[in-house]
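Let's take a friendly tour of some side-chain contacts. Have a look at the sequence and the structure, then read on.

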Amino acid sequence: MPLYQDSFRNNQSNGYTSGSQIEGMESFANSLEKLFFAEVTILNCTNLDAKTNLAIELNCNISLVEMLFHFNKGTWGNFKPGRTSFIKLLNNLVEESGFSVDIEEFTFFLKDTAIVINKIYDNSIPEQLDIIIAEICKHYVHFSKGLTETPYEIYVPVFEEENNEKNEILIQNIEADNNTKKDYFQYWGLYFESEDDAVIYDLKSSTIEHGDLFMLNH
C-alpha cells in the first residue's frame, strides 16, 4: 500500500501555520472546546482563491465508545437542530473575520483512536460532520471486528487505488468541487495493531477488506 507508508501520527499538517492571526479565531477555538469537551488546535493556510482553509485538531479525553455514547445522547457536539452547532460557529467566524473559510481537515484525537476527516468538496466537512459521526455509530460493531479491536486510526474517506490516470481524475474532481456526499460513505481506511498495513472498510457491505487505497493529503 504505497500511499499508506506513514500513518497520521507520523505526519505533520501540510503547509499549515498557526491560525491565531485571523480575527475571531480565538473565540471560535474556545467555542469548539466547549462544544466537544476538547483541547483545540487550529492551523490554516490560504489558497490561490484567497480562501482560508483550516485544519482543526481536537484532543478529546474520551474513548471512541464514550464519544459515540454521548453523541447519541446529544450531550456531545450539540448537533441537534435549532441548537448552537459547528456550522453556526463557522458562520460566525466567517462574519467576524471577513474571510471565506472552509475546513480542509478535521481530526479527533481520542484515547484509543484518531479520526481523520478530509474535505472532498466545498463545505463538505461542516455539512457532513454529524452524518459521518452517525455512520461511525452505525458501523462501529462491524469495523471493530465484532467489538474485539478498535482501529487506532480511521480515515474518512479513502478511495480504491486505481491507475494513475483515474487517480488524477479523482484529484481533479475534488479540486473542481465535483465530488458528492456519497463519497464519504463508500470506503474508509483503518489501521489496526493486528494488521501490518491499513485495511479498507466497505460501508455498503459492512466488511473489512485488503487492497490498495488512495488517501487524500498523504
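## Buried or exposed

A residue is called buried when its relative accessible area is under 20%. In this predicted model, D183 has a relative accessible area of 12%, so D183 is buried. D183 also forms a salt bridge with K182, with the closest N and O atoms 3.8 Å apart.

## Salt bridges

There are five salt bridges in the structure. In one of them, K119 and D102 meet with 3.1 Å from N to O. K119 sits in the loop between β5 and α4, while D102 is in strand β4, 17 residues apart. K119 counts as buried at 13% relative accessibility, and D102 counts as buried at 0%. Through shared partners, salt bridges join D102, K119 and D122 into one network.

K145 has two contacts to look for. K145 forms a salt bridge with E195, the closest N and O atoms being 3.3 Å apart. The charged end of K145 also sits over the ring of F192, 4.2 Å from its centre. K145 is partly exposed at 27% relative accessibility, and E195 is partly exposed at 22%.

## Aromatic pairs

Now for the rings: the structure holds 13 aromatic pairs. The rings of F36 and W76 have centres 5.0 Å apart and planes at 65°, so this pair is edge-to-face. F36 lies in helix α1 and W76 in the loop between α2 and α3, so the pair ties together parts 40 residues apart in sequence.

Technical notes: Residues numbered from 1 in each chain as written. Predicted model: local features only at pLDDT ≥ 70, side-chain atom pairs only at ≥ 80, totals over all residues. Heavy atoms only, no water. Phe/Tyr/Trp six-rings, centres within 6.5 Å; stacked < 30°, edge-to-face > 60°. Helix = DSSP H or I, 4+ residues; strand = E, 2+ residues; numbered from the N terminus. Lys NZ or Arg CZ within 6 Å of the ring centre and 35° of its normal. Salt bridge = Lys/Arg side-chain N within 4 Å of Asp/Glu carboxyl O. Buried < 20%, exposed > 50% of the residue type's maximum accessible area, 1.4 Å probe, protein only.
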